[in-house]
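Here is a short briefing to read alongside the model. Have the viewer open and follow the residues as they come up.

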Amino acid sequence: MSTHTNPVKLPLKAPFWAQILLGLVLGVLLGWTARSQDVSWLVTALEKVGDTFIGLLKLAVAPLVFFAILVSITNLRKVNNAARLASRTLLWFMITSLIAVAIGLVIGLVTHPGAGTGLTPRDGELPEKTGSWLDFLTGIVPTDVITPFTELNVLQIVFMAAVAGIAALQLGEKAQPILTLSESVLELLQKALWWVIRLAPLGTVGLIGTAIATYGWDLIGKYATFTADIYVGCAIVLFVVYPALLATVAKANPLQFFKGAWPAIQLAFVSRSSVGTMPLTQKVTERLGVPKEYASFAVPFGATTKMDGCAAIYPAIAAIFVAQIFDIQLGIGDHLLIAFVSVVGSAATAGLTGATVMLTLTLSTLGLPMEGVGLLLAIDPILDMIRTATNVAGQALVPVIVSAREGLLDREVYGRAGGSPVEEPERVAVAA
């Protein structure tokens, strides 16, 4: 009898990373088939699968951001030296952003990504939405409490959540019923989002397949240098800068960090949404030994403001690209402005797919033509994958660094980090 039970206990289930990788390969094959054989129904099917996956992620974004920020601020009351931790977190966000934008500027200045593309100013077009400092500053405060949720204005949602969280801290015990409800709603949203995250392999097939079927490899040819610059810049930050900071500042094993954080980085690459990846990012951060109370503040905060890929490397190289297409010379002051915008204005990116708002904010600050945005929209989905993966890696990295420097990092837990965190909530639920 016992010999018949083994097959039941060994289901054919690949690890999460392998499922994502399989979806990536299958998406490329189906996308290439749809494009080369002109199979319109396959293109439509891939597009629907990808759009449905992103739609499910976006469905939870507004309430998830609101309750995550609210709960994360109130959770700081459970942490010793909360103000110090918050300030150190913000400081390291700024330091890593400065390093990333400096790398982007150096790569852009060395490679001249706008030269030899064959593109001209006439190929550009004005974006539907643009960003300016006035829009950024005045747009933080909503005119009502409903519109930010219906129009998915993450920056305004963050503002309202921060106000509510600070007010709850001031009220003390009187606010406890609201906090209890908020924590329950947040857990409910995260539970639902875990189910969406498990669909990531299918979403990968649709998103990657659509990108290949729609754009093919021809488009990348025109933007070859620019595309390579973004990927190389992000790779340097991911695999050189971050490991160096871990080894020297946090005194932690970089390989162990990537082993623990890799599932979140993978999902970010596919979904192109820092906010959509946030529950998984928080889970891997906790599994890396960061205290839960601190991680529940730092990760949601980072998911809406910490954008080394979208708000540092990308706008730096993109600004140089646009300037070269329009034959505009950028001086030292302009490059310093790019660094300033990247550090201060990154909240405008707000963790959603695409970095158009941040790019328009950078171009408007430098006085560069907004038509330059239109030159980059076609290639944006391909670039957004590596940008978002870099964002999420940074969002997990900073809490590890701060925890290590403040003596809060559980190094024994850090040393054991690994596996697939997607499985963990279910196992905990069963064990409970």
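The points below cover salt bridges, cysteines, a glycine in a helix and a surface patch.

This is a predicted model, so everything here is computed from its atoms. The count of salt bridges comes to six, while the number of disulfides is zero. Some of the charged pairs share partners: Arg272, Asp380, Asp384 and Arg387 are joined into one network.

**Salt bridges**

- Asp384 pairs with Arg272 through their side chains, at 3.2 Å from N to O.
- That pair links distant parts of the chain, 112 residues apart: Asp384 sits in helix H19 (residues 380–405), and Arg272 in the loop between helix H12 (254–271) and helix H13 (274–287).
- Asp384 also forms a salt bridge with Arg387, at 2.8 Å from N to O.
- Asp384 and Arg387 are three residues apart in helix H19, so about one helical turn separates them.
- Arg272 and Asp384 are both buried, and Arg387 is buried as well.
- For a pair in another setting, look at Arg416 and Glu412, whose side chains meet at 3.3 Å, N to O.
- Both of these residues lie in helix H20 (residues 411–416), four residues apart, and both Arg416 and Glu412 are exposed.

- Cys234 is in no disulfide, and its nearest cysteine sulfur belongs to Cys310.

**Gly50 in helix H3**

- Gly50 belongs to helix H3 (residues 40–75), and its relative accessibility of 1% makes it buried.
- Which residues does Gly50 contact, leaving aside neighbours within four places in sequence? They are Gly203, Gly206 and Leu207.
- Val205 is 155 residues from Gly50 in sequence, yet their C-alpha atoms are 7.4 Å apart in space.

**A nonpolar surface patch**

- Trp17, Leu21, Val25, Leu29, Phe239, Val240 and Trp262 form a nonpolar patch on the surface, with about 700 Å² of accessible area together.
- Helix H2 (16–36) and helix H11 (224–248) are the elements that give two or more residues to this patch.
- H2 gives the most, with four residues.
- Leu21 lies in helix H2 and is partly exposed, at 43% relative accessibility.

Methods. Residues are numbered from 1 along each chain as its sequence is written. This is a predicted model: local features need pLDDT of at least 70, side-chain atom pairs count only at pLDDT 80 or more; totals for chains, interfaces and linings use all residues. Side-chain values use heavy atoms; hydrogens and water are left out. A disulfide is a pair of cysteine sulfur atoms within 2.5 Å. Buried means under 20% relative accessible area, exposed over 50%, partly exposed in between (1.4 Å probe, protein chains only). Contact means heavy atoms within 4.5 Å. Patches are made of residues with over 30% relative accessible area and no salt bridge: like charges are joined within 9 Å, nonpolar side chains (Val, Leu, Ile, Met, Phe, Trp, Tyr) within 5 Å. Accessible areas come from the Shrake-Rupley method with a 1.4 Å probe; for residues, only the protein chains shown count as cover. A salt bridge is a side-chain nitrogen of Lys or Arg within 4 Å of a carboxyl oxygen of Asp or Glu.
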